[in-house]
Amino acid sequence: MQYGLNEEQEMIAATVRSFVENEIYPHEDMVERTGAVPEDIAAGIKQKTLDLGFYACNFPEEVGGAGLNHLEFALVERELGRGSMALTHFFGRPQNILMACESEQRDRYLLPAVRGERMDALAMTEPGAGSDVRGMKCAAVRDGADWVLNGTKHFISGAEHADFVIVFVATGEDMTPKGPKKRITTFLVDRGTPGFTIRDGYASVSHRGYKNMVLDFDDCRLPAAQVLGEVDGGFAVMNEWLYATRLTVAAFCVGRARRAFDFALNYAAQREQFGQPIGKFQGVGFQIADMITEIDAADLLTLAAADRLDKGLPANREIASAKLYASEMLARVTDAAIQVHGGMGLMDDYPLERFWRDARVERIWDGTSEIQRHIISRDLLRPLGA
């Protein structure tokens with residue numbers, strides 16, 4: 001199912017799919033077994049991505065990126081979704097909010113990140129503040145010309161490889177009719193800054209090798225030059241970033257579902273019982289039909305939302321719908337793929353049990369399914385005064 005793609009867009013998708021099959025698939029079993037990506041393999045993936053011209057493809061050409069639009073970047077993420085997230089991390093897509101860098105920040109953070117010389121990580125979630133972003137306790141206070149940060153962030157992906165982190169913290173609060181409302185500011189914090197430590201997070205059943213880390217800030221002093229964007233303007237920056245990441249999750253889920261489907265389709269065509277391929281039995285054949293219908297629907301939702309962004313149209317509800325449907329679709333498709341394989345689906349001879357485990361987190365991070373439903377219903381009801 002293609003969304004009316006032109007030749008160049010089809011070539012982008014085919015190129016990234018080939019990269020994943022040749023450079024990612026061969027290392028997946030090792031990463032799943034060890035829970036880590038060796039440095040030489042990580043460096044190799046990164047260099048080959050640079051050579052291919054796809055590193056930081058989500059950034060405009062004027063800063064050294066490939067200048068892909070939202071739809072084209074969704075195609076990249078869709079094909080990367082077929083592979084291990086621990087490995088595709090080194091394909092290199094820096095956080096697009098680095099475009100908010102100004103003056104010296106561009107030379108220290110933005111441009112080196114685009115060139116692949118420095119890696120970033122984004123820190124938002126806290127032990128007591130997940131969906132409730134305004135509930136964060138990690139805070140910074142002014143001390144002369146500096147800011148002093150204290151608090152903890154957790155579930156921070158990619159931080160073990162990061163040269164710097166983009167961290168959101170509370171910098172005050174305003175009183176509103178609904179009670180106090182925290183102001184949020186974004187800071188750039190270099191690895192090795194006194195008072196800033198990165199430590200191992202939690203063992204997870206999903207995306208082994210793609211670690212989550214805990215960040216501790218203990219009287220971490222930062223000059224005002226480390227503020228990204230405007231002081232107290234972090235929430236606006238955050239919302240803009242979440243647009244991109246929710247669309248990324250949707251695209252990833254479509255790619256992963258297509259890979260699981262390919263296993264199920266081929267197995268249904270080759271495995272015989274009662275003298276015929278099991279796909280000829282309605283109990284299996286109808287599952288195959290349902291799987292591809294849901295995958296195509298999620299694909300079209302995702303690409304349509306990306307297309308709206310490219311056209312400058314409002315897309316908050318459409319992106320939420322894509323993220324919601326694609327993440328829940330992936331859970332159903334991976335479960336059905338295992339069912340088609342029977343007992344073999346749960347054996348590590350196939351990667352299906354891994355896809356099944358990995359799928360579970362997609363309904364949680366970057367905005368839970370409940371948050372997406374809230375966004376969708378609010379968008380529909382507000383114009384009616386409800």
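Trainee: Is Glu32 buried or exposed?

Mentor: Bear in mind that this is a predicted model. Buried means a relative accessible area under 20%, and Glu32, with a relative accessible area of 16%, is therefore buried.

Trainee: Which salt bridge does Glu32 form with Arg208, and how far apart are the closest N and O atoms?

Mentor: Side chains of opposite charge can pair when their charged atoms come close. In this model Arg208 forms a salt bridge with Glu32, and the closest N and O atoms are 3.3 Å apart. Because Arg208 lies in the loop between strand E6 and strand E7, while Glu32 belongs to helix H1, the pair ties together parts that are 176 residues apart in sequence. Arg208 itself counts as partly exposed, at 34% relative accessibility.

Trainee: Where does Arg354 come in, and what is the N to O distance in its salt bridge with Glu32?

Mentor: The side chain of Arg354 also meets that of Glu32 in a salt bridge, at 4.0 Å from N to O. This pair links distant parts of the chain, with Glu32 in helix H1 and Arg354 in helix H9 (residues 352–359), 322 residues apart. Both Glu32 and Arg354 are buried.

Trainee: What links strand E6 to strand E7 through Asp216 and Arg199?

Mentor: The side chains of Asp216 and Arg199 meet in a salt bridge of 2.5 Å, N to O, and this pair connects strand E7, which holds Asp216, with strand E6, which holds Arg199, across 17 residues. Asp216 is buried, with a relative accessible area of 17%, whereas Arg199 is partly exposed at 44%.

Trainee: How many salt bridges does a search of the whole structure find?

Mentor: The search finds 31 salt bridges.

Trainee: Turning to strands, in what sense does E4 pair with E1, and in what sense with E5?

Mentor: In a regular strand the side chains alternate between the two faces of the sheet. Strand E4 (residues 164–176) pairs with strand E1 (residues 120–123) in the parallel sense over four bridges, and with strand E5 (residues 179–190) in the antiparallel sense over 11 bridges. Phe164 of E4 is the bridge partner of Asp120, and Phe164 also stands opposite Asp190 in E5. E4 and E5 form a hairpin, with two residues between them.

Trainee: Finally, how far does helix H7 reach from its first C-alpha to its last?

Mentor: Helix H7 (residues 282–310) has 29 residues and reaches 42 Å, close to the 42 Å expected at 1.5 Å a residue. Just after H7, Gly312 takes a positive phi of about 75°.

Key: Residues are numbered from 1 along each chain as its sequence is written. This is a predicted model: local features need pLDDT of at least 70, side-chain atom pairs count only at pLDDT 80 or more; totals for chains, interfaces and linings use all residues. Side-chain values use heavy atoms; hydrogens and water are left out. Two strands pair if DSSP finds at least two bridges between them. The expected span of a helix is 1.5 Å times one less than its number of residues. Buried means under 20% relative accessible area, exposed over 50%, partly exposed in between (1.4 Å probe, protein chains only).
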